[in-house]
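Colleague: Before we discuss the aromatic rings, could you put the model on the screen, please?

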Amino acid sequence: MVSGVHHKLNTELWKPESFRKEFGSQEVDLVNCRTNEIITGATVGDFWDGFEDVPNRLKNDKEPMVLKLKDWPPGEDFRDMMPSRFDDLMANIPLPEYTRRDGKLNLASRLPNYFVRPDLGPKMYNAYGLITPEDRKYGTTNLHLDVSDAANVMVYVGIPKGQCDQEEEVLKTIQDGDSDELTIKRFIEGKEKPGALWHIYAAKDTEKIREFLKKVCSLPYGM
């Protein structure tokens, strides 16, 4: 894990208002992370308007939804749609010899043309934070299997306006998530602002996880 990458980035490029200004009118699909329902006909602006403003979020039965942008930016190359952000990220991404498209040690970029190469990205994942204790049983990204290694960079963390102090709830979340002692210490003593909790499993455990999921699916009502 590498910390402090966000200090090197051009922060103005990664703020909600920047995305809203440039892409706010684009139509997108959103995902309600509590129900996995797909919401169509929304705009990029709808998402970013509520990113740090809970009352301004799209609602379901008068309850603000926890949303994520689905497949945005879309299929076209990130570099073509967001060249300044692409350059900013590539200039500061850790281990560039491995992680850049043109990295000397990025084996995927060296595969012959007759191979199906994995998508070398970058990709963006944009989601609201989970705002209630009940939300801790939900995630914004489902369990999945990556076909290649990846470097994940947290470029921005937003705290919704007017929300009360969430430190105790955040601490409980990362403790319940089996975070290591160093991560918890960074939060308590270093006053760092956590933006996501990832559960990453070793490749060797893939078959165990697959067998567990099969058992869950065989239960009358799942888990």
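Colleague: How many aromatic pairs does the count come to?

Modeller: In this predicted model, the count comes to 11 aromatic pairs, where rings pair if their centres lie within 6.5 Å.

Colleague: What makes the pair of Phe 23 and Trp 72 edge-to-face?

Modeller: Their ring centres are 5.6 Å apart and the planes stand at 75°, which is over the 60 degrees that the term requires, so this pair is edge-to-face. Because Phe 23 belongs to helix 1 and Trp 72 to the loop between strand 5 (67–69) and helix 3, the pair ties together parts that are 49 residues apart in sequence.

Colleague: Why does Phe 23 count as buried?

Modeller: Its relative accessibility is 6%, and buried means under 20%, so Phe 23 counts as buried. Trp 72, at 3%, counts as buried by that cut-off too.

Colleague: Why is the pair of Phe 47 and Tyr 128 called stacked?

Modeller: The planes of Phe 47 and Tyr 128 are at 20°, under the limit of 30 degrees, and the centres of the rings are 4.8 Å apart, so the pair is stacked. Since Phe 47 lies in helix 2 (residues 44–49) and Tyr 128 in the loop between helix 5 (96–99) and helix 6 (167–176), the pair ties together parts that are 81 residues apart in sequence.

Colleague: How do you know that Arg 57 lies over the face of Tyr 128?

Modeller: Arg 57 is at 4.0 Å from the ring centre of Tyr 128, and the rule asks for a distance within 6 Å, together with a position within 35 degrees of the ring normal.

Conventions. Residues are numbered from 1 along each chain as its sequence is written. This is a predicted model: local features need pLDDT of at least 70, side-chain atom pairs count only at pLDDT 80 or more; totals for chains, interfaces and linings use all residues. Side-chain values use heavy atoms; hydrogens and water are left out. Rings of Phe, Tyr and Trp (its six-membered ring) pair if their centres lie within 6.5 Å; planes under 30 degrees apart count as stacked, over 60 as edge-to-face and the rest as tilted. Helices (H or I, at least four residues) and strands (E, at least two) are DSSP runs, numbered from the N terminus. Buried means under 20% relative accessible area, exposed over 50%, partly exposed in between (1.4 Å probe, protein chains only).
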